[in-house]
Amino acid sequence: MSNEKQVDSGRRGLLVATCAAGGVAGLATAGAFVSTFQPSERAKAAGAPVEVDISDLAPGQMKTVEWRGKPVWVLRRTPEMIAELPKLDSKLADPKSQRNPDEFTPEYARNETRSIKPEYLVAIGICTHLGCSPTTKLQAGPQPSLPDDWQGGFLCPCHGSIFDVAGRVYKNVPAPDNLPVPRHMYLSDTKLVIGKDEKGEA
C-alpha cells in the first residue's frame, strides 16, 4: 500500500514538472509569436513605417526618430513660428516647394508650412548639400553664423546652409533644395506614422 502511494506521488511530481516545463515552453513560443507582429530591426532599416507618439511634444519642442537609417524630425511649431513663415518667402530659394517636388515634398505638404497640420513639421534631418545633419537653432534673434533677423530654423555646421522651421532652404547657401518631407500620416491627434500615407508605403 505504501509502495503504491510512493509511485503515485512520484508520477504526480513528474506530471507537475512536465506541465510546468510545457507551460514555460508555451509562453516562450507565444511571446516569440507575438513579437513577430512588430517590425524587425531589419524591416525598419529597409523602410518599414515607424509610429511616433507626439502627445508629449510641447509647442517649440522637437523629437528625432529613425526611419530607413535617417533622422526624421518632428517639430511642434509655436503659433509665432507659423506666423513668421510667409514673411520669409523672399529670402528662400524654393518657398513653395516647387523644385523637385516628387523627390522632396509629397503633394499634401506643398504649402507654406510644408505639412499636413501647420503645427507640425515632419522632415528628414539631412542637409541636401552633402548629407550632414543640421543643428537646431529654433531661438529667434542674432546668433553666430546666422542672419541678424533670424526667426528660427536649422543650421548645417558643415558648410553653413540654413533652413527655416518649415525645412525650406535659404538663398545663396550651398544646399540646393529644401529638407525632404517623408511620406507620413496621422493615425490620431497624438499618433503619427512615418513612411506611409493614404496612398501606401514609401
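**Entry on Ile126.** I kept in mind that I was looking at a predicted model. I looked up Ile126 and found it in the loop between strand E4 (120-124) and strand E5 (135-137). Is Ile126 buried or partly exposed? Its relative accessibility is 23%, so I noted it as partly exposed. Leaving aside neighbours within four places in sequence, I listed its contacts, among them Lys70, Pro71, Leu179 and Pro180. I also checked Cys156, which is 30 residues from Ile126 along the chain; their C-alpha atoms are separated by 8.8 Å.

**Entry on salt bridges.** How many salt bridges are there? I got a count of twelve.

I started with Lys96 and Glu112, whose side chains meet at 3.3 Å, N to O. Lys96 lies in the loop between helix H3 (79-84) and helix H4 (101-104), and Glu112 in the loop between H4 and E4, so this pair ties together parts 16 residues apart in sequence. Lys96 is partly exposed at 41%, and Glu112 is partly exposed at 22%.

Next I looked at Arg168 and Asp164, which form a salt bridge at 2.8 Å, N to O. I noted both residues as buried.

Then came Asp197 and Arg183, paired at 3.0 Å, N to O. Asp197 sits in strand E10 (residues 196-197) and Arg183 in the loop between strand E7 (162-164) and strand E8 (184-186), so the bridge ties together parts 14 residues apart in sequence. Asp197 is buried at 5%, whereas Arg183 is partly exposed at 25%.

How values were computed. Residues numbered from 1 in each chain as written. Predicted model: local features only at pLDDT ≥ 70, side-chain atom pairs only at ≥ 80, totals over all residues. Heavy atoms only, no water. Helix = DSSP H or I, 4+ residues; strand = E, 2+ residues; numbered from the N terminus. Buried < 20%, exposed > 50% of the residue type's maximum accessible area, 1.4 Å probe, protein only. Contact = heavy atoms within 4.5 Å. Salt bridge = Lys/Arg side-chain N within 4 Å of Asp/Glu carboxyl O.
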